[in-house]
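Here is my note for a colleague opening this entry. Please read the points with the model on screen.

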Amino acid sequence: PNGSYLACMCLNARSILPKRFDLLAYICCHKVDVLAVTETFLDSSICDAEICPLSYSMFRRDRSRHGGGVLIFVRDNLQVIPRYDLSNFCDELLWLEICTPVGPVLFGVFYRPPTQGVDNLVALCNCLLSIAQHHIILCGDFNLTFINWSLTFPTVSSLAANYMCDLVCDKSAGGSSNP
């Protein structure tokens with residue numbers, strides 16, 4: 001970690017391969033410890049060495065070159081245990097256990113295609129219930145654009161009460177604005 005904190009970043013790549021050099025430059029400039037990526041558009045024909053930065057390890061779950069997929073880059077100086085037992089709740093969910101000076105943290109990335117029903121969300125909730133006693137960082141693209149966040153729970157105060165926050169900085173996907 002960078003001193004006393006873990007520098008984490010999450011992005012929706014919408015095809016990481018053509019953007020890999022920009023991504024590598026960003027990671028180097030901002031000294032990111034952990035980077036979660038959704039919509040990688042990768043499959044088994046793309047080897048890890050084509051996209052993984054030096055001094056990082058990569059963990060990925062591919063869907064196809066036409067959509068989906070998640071991955072996590074982790075700086076090599078961090079001890080990491082892939083948690084495949086937790087990742088099997090959904091096809092586009094990936095969990096790692098990262099050892100930090102304050103103890104283990106479960107770091108996950110989740111992607112839900114916009115046309116998908118709620119089954120993966122239910123599976124994700126079941127997964128979260130099974131690990132509720134751990135320190136958790138979960139990020140991703142949940143594609144919940146059908147929810148009017150100004151009228152529907154969870155509210156900002158209910159998120160805060162459960163130590164959650166919405167960190168959307170860019171509404172370029174056309175989602176509704178959060179309060």
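1. Start at Pro82. This residue sits in strand β5, residues 80-82. Strands are DSSP runs of E, at least two residues, and helices are runs of H or I, at least four residues, numbered from the N terminus. Pro82 is partly exposed, with a relative accessible area of 27%. Buried means under 20%, exposed over 50%, and partly exposed in between, with a 1.4 Å probe and protein chains only.

2. A word on the source. This is a predicted model, where local features need pLDDT of at least 70, side-chain atom pairs count only at pLDDT 80 or more, and totals for chains, interfaces and linings use all residues. Residues are numbered from 1 along each chain as its sequence is written, and side-chain values use heavy atoms, without hydrogens and water.

3. What does Pro82 contact beyond its neighbours within four places in sequence? Phe59, Trp95 and Leu96. Contact means heavy atoms within 4.5 Å.

4. Now the cores. A nonpolar core joins buried Ala, Val, Leu, Ile, Met, Phe, Trp, Tyr and Cys residues through side-chain atoms within 4.5 Å. The largest has 16 residues; Ile16, Leu35, Val37, Ile51, Leu71 and Phe73 touch the most other members. Elements α1, β2, β3 and β4 each supply at least two residues. Apart from it lies another core of 15 residues, including Phe59.

5. The whole chain. It has four helices and eight strands. Buried residues make up 39% of its 179 residues.
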